[in-house]
Amino acid sequence: MSTLTRPPKVAADSSARRASPRRSGKRGAYKGVLFALPFLVGFLFTYVLPIAYAFSQSLREKKSSGIGFGPTKVVYTGFSNFATILSDGAFWSSMGRTLLFGAVQIIVMLGISLLLALLLDGVAARAVRFFRAGLLIPYVVPSVVSTLMWLFLYSPTISPIIDLADRAGAHLTLFGGLNTYLSLGNLLTWQGIGFNMILISASLQALPRELYEAARIDGAREWRIAWSIKVPNITGILVLTGMFSLIGRLQLFAEPLLLRYVAPESISTDFTPMMEIFDKAFKTGNYQYAAAESLVLAVVTGILAFVFYRVTNRKMS
């Protein structure tokens, strides 16, 4: 009888051994979920729920009873806010204005960042660390603080730049027409050069030095090495920084809002999409329409970033 009962025990032991990896895998999955739980909770409360709330608000409007003198009520109107946005000239004009401005400013900023990264790539290591730290300072300074610094330099009453120009007999105007975009572009370029330069420089440092030595043996000069070897091998980081910069320009808000205090006639309340949304929400009090505009801006930003990444990546590959 004992010999007959042994095989089932062996089978049970082997089945338990086969089940143990599954149990350990489940335990590992549970540990992974617990490890990611703080992020998931934060993502839920800071992204998912606010977006859901904004979407629910975008489906409503404020309606006043009677002939407009009664109390207002928030009523469900479906997608009427989104239909109104499609014909909102101010919103789409701000979007087009920001995109055209960003198309020029991003190219200039990334071009300067690339040039500085290429120059630092041929400098000694100690000097590279020094210059990197110096060029990164504008990015470390909060955007509001840096904008206030340039606001002082741009002010027509207390600016030392304008004062020196007046003493030299030159009438300098930093706002109005094209000068408004030049002043804003100078501020944003000053803020973003250091950060983009660090990313590009790190990508250059990762390239194998054997490529440069082989090119020098073939008689290539430094500018030829930079243009034909270095730049083609860092197209990925150029596309990435360009996409991040595009997203940042569509979210442009603090800088033109503060500069508006100096030049209200040049920078309107709907100068950028974010300023238009801010004006609708906190000055007009139309929170529901502002919520719909913010969702449209998020969708347009995502689509443009995706298209930009696919098109530029395909051309550079």
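This is a predicted model: local features need pLDDT of at least 70, side-chain atom pairs count only at pLDDT 80 or more; totals for chains, interfaces and linings use all residues.
This is a short talk about the salt bridges in this structure.

How many salt bridges does the structure hold? The count is six. I'll take three of them.

Start with Asp 121 and Lys 230. Their closest N and O atoms are 2.8 Å apart. Now look at where the two residues sit. Asp 121 belongs to helix α3, which covers residues 89–121. Lys 230 belongs to helix α9, residues 222–230. Buried or exposed? Both Asp 121 and Lys 230 are buried.

Next, Asp 163 and Arg 167. Their side chains meet in a salt bridge, at 3.3 Å from N to O. Both sit in helix α6, residues 160–167. They are four residues apart there, so about one helical turn separates them. What about exposure? Asp 163 is partly exposed, at 35% relative accessibility. Arg 167 is at 68%, and that counts as exposed.

Back to Asp 121 for a moment. Which residues do shared partners join into one network? Asp 121, Arg 209 and Lys 230. The links in that network are salt bridges.

Last pair: Glu 61 and Lys 63. Here the closest N and O atoms lie 3.5 Å apart. Glu 61 has a relative accessible area of 18%. The cut-off for buried is under 20%, so Glu 61 is buried. Lys 63 comes out at 42%, which makes this residue partly exposed.

That's the tour. Please look for these pairs in the structure above.

Technical notes
Residues are numbered from 1 along each chain as its sequence is written. Side-chain values use heavy atoms; hydrogens and water are left out. A salt bridge is a side-chain nitrogen of Lys or Arg within 4 Å of a carboxyl oxygen of Asp or Glu. Buried means under 20% relative accessible area, exposed over 50%, partly exposed in between (1.4 Å probe, protein chains only). Helices (H or I, at least four residues) and strands (E, at least two) are DSSP runs, numbered from the N terminus.
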